[in-house]
Amino acid sequence: VLGGELSNAGGPAHEAWLEAVIKIQPEEIQLYSVDRPTAETGILKVPLEELTRLADEVQARTGISTSAY
């Protein structure tokens, strides 16, 4: 999950991802953010608190076990 200018932690990119998850129906989802600097500027690490909130939302909306790291 990315924050910053190219964020997929919310908005249309997040909703499109959730739609794909619902179609695919994985057994489990693991969310994590970048841990090292990226080649693309404007990408920020998403804090664990935000990842946990997203994991709770994903699990509530899809019924799929979701963990944040």
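Visitor: Is glutamine 25 buried, partly exposed or exposed, and at what relative accessibility?
Guide: Glutamine 25 counts as partly exposed, because its relative accessibility is 46%. Keep in mind that this is a predicted model.

Visitor: Where does glutamine 25 lie?
Guide: Glutamine 25 is in the loop between H1 and E2. It comes after H1.

Visitor: What is phi of glutamine 25?
Guide: Phi of glutamine 25 is near 55°, which is a positive value in a residue other than glycine. Most residues other than glycine have a negative phi.

Visitor: And what follows H2?
Guide: Glycine 63 follows H2, and its phi is positive too, near 80°.

Visitor: Back up a bit. How many helices and strands does the protein chain have?
Guide: There are two helices and four strands in the protein chain. Read from the N terminus, the order of elements is β-α-β-β-α-β.

Visitor: What share of the residues counts as buried?
Guide: The protein chain has 69 residues, and 28% of them count as buried. Its accessible surface is about 4800 Å², with 54% of that belonging to carbon and sulfur atoms.

Visitor: What share of the contacts with a separation of 6 or more is from residues 24 or more positions apart?
Guide: Such residues account for 66% of those contacts in the protein chain.

Visitor: Now H1. Which residues of H1 are buried?
Guide: His14, Leu18 and Val21 are the buried residues of H1. They sit on the same side of H1, because they cover an arc of only 60° around the axis.

Visitor: What does the face turned away from the buried side carry?
Guide: That face of H1 carries the exposed residues Pro12, Glu19, Lys23 and Ile24.

Visitor: What covers the buried residues of H1?
Guide: The cover includes E2 and H2. Take valine 21: leaving aside neighbours within four places in sequence, valine 21 is in contact with Pro26, Ile29, Thr62 and Ile64.

Visitor: What span should H1 have, going by its residues?
Guide: H1 has 14 residues, so at 1.5 Å a residue it should span 20 Å, and its end C-alpha atoms are 20 Å apart, which agrees. For H2, with 15 residues, the distance from first C-alpha to last is 21 Å, close to the expected 21 Å.

Visitor: Which residues of H2 are buried?
Guide: The buried residues of H2 are Leu51, Leu54, Ala55, Glu57, Val58 and Thr62. Their arc around the axis is only 165°, which puts them on the same side of H2. Glu49, Asp56 and Ala60 are exposed on the other side of H2.

Visitor: What do the buried residues of H2 pack against?
Guide: They pack against H1, E2 and strand E4 (65-68).

Visitor: Which residues make up the largest nonpolar core?
Guide: The largest nonpolar core has 11 residues: Ala9, Leu18, Val21, Ile29, Leu31, Val46, Leu51, Leu54, Ala55, Val58 and Ile64. At least two residues of this core come from each of H1, E2 and H2. H2 gives the largest share, four residues.

Visitor: Change of topic. How many salt bridges are there?
Guide: The count comes to five salt bridges. In one of them, glutamate 15 pairs with arginine 61, and the closest N and O atoms are 2.8 Å apart. That pair links distant parts of the chain, with glutamate 15 in helix H1 (residues 11-24) and arginine 61 in helix H2 (residues 48-62), 46 residues apart.

Visitor: Are those two buried, partly exposed or exposed?
Guide: Glutamate 15 counts as partly exposed at 31% relative accessibility. Arginine 61 is also partly exposed, with a relative accessible area of 44%.

Visitor: Which salt-bridge partner does lysine 45 have?
Guide: Lysine 45 forms a salt bridge with aspartate 35, and their closest N and O atoms are 3.4 Å apart. Lysine 45 is in strand E3 (residues 43-45), while aspartate 35 is in the loop between strand E2 (28-31) and E3, 10 residues apart. Both lysine 45 and aspartate 35 are exposed.

Visitor: What about glutamate 50 and arginine 53?
Guide: Their side chains meet in a salt bridge at 2.8 Å, N to O. Glutamate 50 and arginine 53 are about one helical turn apart, because three residues separate their positions in helix H2. Salt bridges with shared partners join Glu15, Glu50, Arg53, Glu57 and Arg61 into one network.

Technical notes: Residues are numbered from 1 along each chain as its sequence is written. This is a predicted model: local features need pLDDT of at least 70, side-chain atom pairs count only at pLDDT 80 or more; totals for chains, interfaces and linings use all residues. Side-chain values use heavy atoms; hydrogens and water are left out. A salt bridge is a side-chain nitrogen of Lys or Arg within 4 Å of a carboxyl oxygen of Asp or Glu. Buried means under 20% relative accessible area, exposed over 50%, partly exposed in between (1.4 Å probe, protein chains only). The expected span of a helix is 1.5 Å times one less than its number of residues. The arc is that of the directions from the helix axis to the C-beta atoms. Contact means heavy atoms within 4.5 Å. A nonpolar core is a set of buried Ala, Val, Leu, Ile, Met, Phe, Trp, Tyr and Cys residues joined through side-chain atoms within 4.5 Å. Accessible areas come from the Shrake-Rupley method with a 1.4 Å probe; for residues, only the protein chains shown count as cover.
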